[in-house]
Amino acid sequence: MKKYDLPPLPYSYNALEPIISEQIMTLHHSKHHLAYVNGANQAIDRLEKARRGENPENIRSILRDLSFNLSGHKLHAVFWTNMAPPGRGGGNPGGKLADQIIKDFGSFEIFKKVFSDAAKNVEASGWAVLTYDPEGDLLFVYQVEKHNLLHPPDLPVLLTIDVWEHAYYLQYKNDRGAYVDNWWNVVNWDDVDKRFSKI
Ligand code: MN
């Protein structure tokens, strides 16, 4: 049965320097993301065993592990492709996405401030996410705690930043704010626009 695999990065481990160090990218992708992929696969195995009556463990504990690890895998997969080396990444969005940002936030600068504030103020470990809800024709920003708390259901992740300490601490120490401010230089707007256009 097909399960989850660690997707390769679309660039080398040192490609986001000096914004995100090679050491962080290597550990973050090959250790942390891999652990979520493995955790999701293990939770699926435990579910299959439970279904066959071989593993009468607490269903709540299995589903909690599945939610945490699968959400971690999915968010990291978007996060990697949301970034590109400085020079290719950064700058401003274009096209339809730029128009929608201006409609919903007033300006790109205001959007950046809203998203940065959300990222800097996640309590403990989590993410900031930009989503689009076609029902309301609305872009908005939300926070995720851990990998799986506070998500509005059934809305696509267009742009996200990981603000777990493992995403920045080896380089930025406790200065999450500096990491978030610098991160805008590696945002791959082509990828965000592609995700927006597919909705
Ligand atoms: Mn992470």
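Which residue follows α3, and is its phi positive or negative? I looked past the end of the helix. G106 follows α3, and the phi of G106 is positive, near 100 degrees. I note that this is a predicted model.

I went back along the helix itself. α3 spans residues 95-105. I listed its buried residues: L97, A98, Q100, I101 and F105. They cover an arc of only 165 degrees around the axis, which puts them on the same side of α3. An α-helix has 3.6 residues a turn, so residues three or four places apart point the same way. I then checked the other side of α3, where G95, K96 and D99 are exposed.

**Entry: the cover over α3**

I looked up what lies over the buried residues of α3. Two helices are part of the cover, α4 (108-120) and α7 (189-197). The strands β1 (126-133) and β2 (138-145) are also included.

**Entry: the largest pocket**

Next I turned to the pockets. I read a volume of about 190 Å³ for the largest pocket. Which helix gives the most to its lining? Helix α2 (residues 59-81) does, with 4 residues. I wrote down the whole lining: S71, K74, L75, V78, Y142, H151, L155, P156, V157 and R195. I sorted the lining by class and got 6 nonpolar, 2 polar and 2 charged residues.

I also checked the domains. Domain 1 (22-81) and domain 2 (95-197) each supply at least three residues to the lining of the largest pocket.

How values were computed:
Residues are numbered from 1 along each chain as its sequence is written. This is a predicted model: local features need pLDDT of at least 70, side-chain atom pairs count only at pLDDT 80 or more; totals for chains, interfaces and linings use all residues. Side-chain values use heavy atoms; hydrogens and water are left out. Buried means under 20% relative accessible area, exposed over 50%, partly exposed in between (1.4 Å probe, protein chains only). The arc is that of the directions from the helix axis to the C-beta atoms. Contact means heavy atoms within 4.5 Å. On a 1 Å grid over the protein atoms alone, a cavity is a set of points where a 1.4 Å probe fits but cannot get out, and a pocket is an open set with protein on both sides within 12 Å along at least five of seven lines; lining residues have an atom within 4 Å of a point. Grid points are joined across faces, edges and corners, and a volume is the space filled by probe spheres set on the points. Ala, Val, Leu, Ile, Met, Phe, Trp, Tyr, Cys and Pro count as nonpolar, Asp, Glu, Lys and Arg as charged, and the others, Gly among them, as polar. Domain bounds come from an automatic or database domain assignment.
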